[in-house]
Amino acid sequence: MNYRVKETFQTEDREMRAVYCETLRQMAREDSRVCVLDADLIGSSGMKPFFQEFPERSVNCGIQESNMIGMAAGLSAAGMVPFAHSFAPFATRRVMDQIFISCAYGKQNVRVVGSDPGVTAAYNGGTHMPFEDMGCLMAIPHITLLEPSDSVQLAQVCRLLQDAYGVFYVRMLRKNAVGIYEEGSSFELGKIPVLQDGADVCIVASGIMVAEALKAARLLAEQGVSAAVLDCFTWKPLDGETLESYARKCGAVVSAENHNVEGGLGSAVAGCLARRFPVPMELVGVQDEFGEVGTVDYLQNRFGLTAAAIVSAAQKAVARK
């Protein structure tokens, strides 16, 4: 990995979906195997330019998500590299059997992309608010689960998947992320970037919670607490070596996720450390609830997905050492 963290963190100018589309267009120009499937969400996913440029490698499957994943498996079997998108609940729990049997059990080469994770579904409400998407897929053998934090990381993840083989799920914010990384940064699947070193507590975050974790680390520093911040953009396979190293160094861990803590990142980190090096740990995330309608800011406060919640959890974890 060769990444550089920005000195200041601001909302990016470009939407994640625009970066996703442009990256896939570049990949498709270089590689005739790259193709795209969508479940009647071409506008929502920002993929119209791809469909226009590569009509022979684009399929609007309609509102038939299970059929879409079956088609992706078939395209893989024919030697293509398919990227199949829908809103995250429909790209995961609705098509669980097709991902499990047609893709993973069938040893196919498929990328499933689920957009608007967790509270970023906002006004689409509880039916479209995936607090469980990663948890649904976690038990599938050999699957890779990814949640890029910003557009730089998203573009790099797409590039890494071009020549990888297997079943991959990418949890993607559609709109503007907070920029974390400088342009030119590179990453390795299954390895955790360390954004900030620390000695008292380690905050393991992903997605929109990375920016909150960095805010929390600054607030904790004002209290004399040294917090490390790790961007766990690969949920599975988990980088146990880095997690163990920071558990040993800090002696306390906080996970922060835009997802249900049941079966989510916190559960995965806790399970990993229970086997390698148990330490006091607190889990920040959705506490086993359904979603609801609201703005992202409202929902982050409603479900405790904030820097303040991370600070409180860090204080509890440190006190338990």
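Predicted model: local features only at pLDDT ≥ 70, side-chain atom pairs only at ≥ 80, totals over all residues.
Cys-35 has no disulfide partner either, and the nearest cysteine sulfur, that of Cys-61, is 10 Å away. A disulfide would need the two sulfur atoms within 2.5 Å. The count for the structure is zero disulfides.

Salt bridges are another matter. A search of the whole structure turns up 21 of them. One joins the side chains of Glu-147 and Arg-171, with N and O 2.9 Å apart. Glu-147 comes from the loop between strand 5 (144-146) and helix 8 (151-162), while Arg-171 belongs to strand 6 (residues 167-172), so this bridge ties together parts of the chain that are 24 residues apart in sequence. Both partners are tucked away from solvent: Glu-147 is buried at 2% relative accessibility, and Arg-171 is buried at 0%.

The bridge between Arg-93 and Glu-132 has its N and O atoms 2.8 Å apart. Here the two partners come from distant parts of the chain, 39 residues apart. Arg-93 is in the loop between helix 5 (88-91) and helix 6 (96-105), and Glu-132 is in the loop between strand 4 (110-115) and helix 7 (133-138). Solvent gets at both side chains to some extent, since Arg-93 is partly exposed with a relative accessible area of 39%, and Glu-132 is partly exposed at 23%.

The loop between strand 4 and helix 7 also carries Thr-120. With a relative accessibility of 11%, Thr-120 counts as buried. Setting aside residues up to four places away in sequence, Thr-120 touches Leu-173, Ile-208, Asn-258 and Val-296.

Some charged residues go beyond simple pairs. Glu-22, Arg-25, Arg-29 and Glu-53 are linked in a network of salt bridges.

Arg-276 and Glu-244 form a salt bridge whose closest N and O atoms are 2.8 Å apart. Arg-276 lies in helix 11 (residues 265-276) and Glu-244 in helix 10 (residues 240-250), so the pair ties together parts that are 32 residues apart in sequence.

Now for the helices themselves. The axes of helix 10 and helix 11 come within 10 Å and cross at roughly 70 degrees. Helix 10 and helix 11 are therefore roughly perpendicular to each other. On the helix 10 side, the contact is made by Gly-240, Glu-241, Leu-243, Glu-244, Ala-247 and Arg-248. Helix 11 supplies Val-269, Cys-272, Leu-273 and Arg-276. Sorted by class, the contact of helix 10 with helix 11 has five nonpolar, one polar and four charged residues. Both partners of the Arg-276 and Glu-244 salt bridge are among the contact residues.

Technical notes. Residues numbered from 1 in each chain as written. Heavy atoms only, no water. Salt bridge = Lys/Arg side-chain N within 4 Å of Asp/Glu carboxyl O. Helix = DSSP H or I, 4+ residues; strand = E, 2+ residues; numbered from the N terminus. Buried < 20%, exposed > 50% of the residue type's maximum accessible area, 1.4 Å probe, protein only. Axes fitted to C-alpha atoms, helices over the stretch in contact; angles between N-to-C directions. Parallel < 35°, antiparallel > 145°, perpendicular 65-115°, else oblique. Contact = heavy atoms within 4.5 Å. Nonpolar A, V, L, I, M, F, W, Y, C, P; charged D, E, K, R; others polar.
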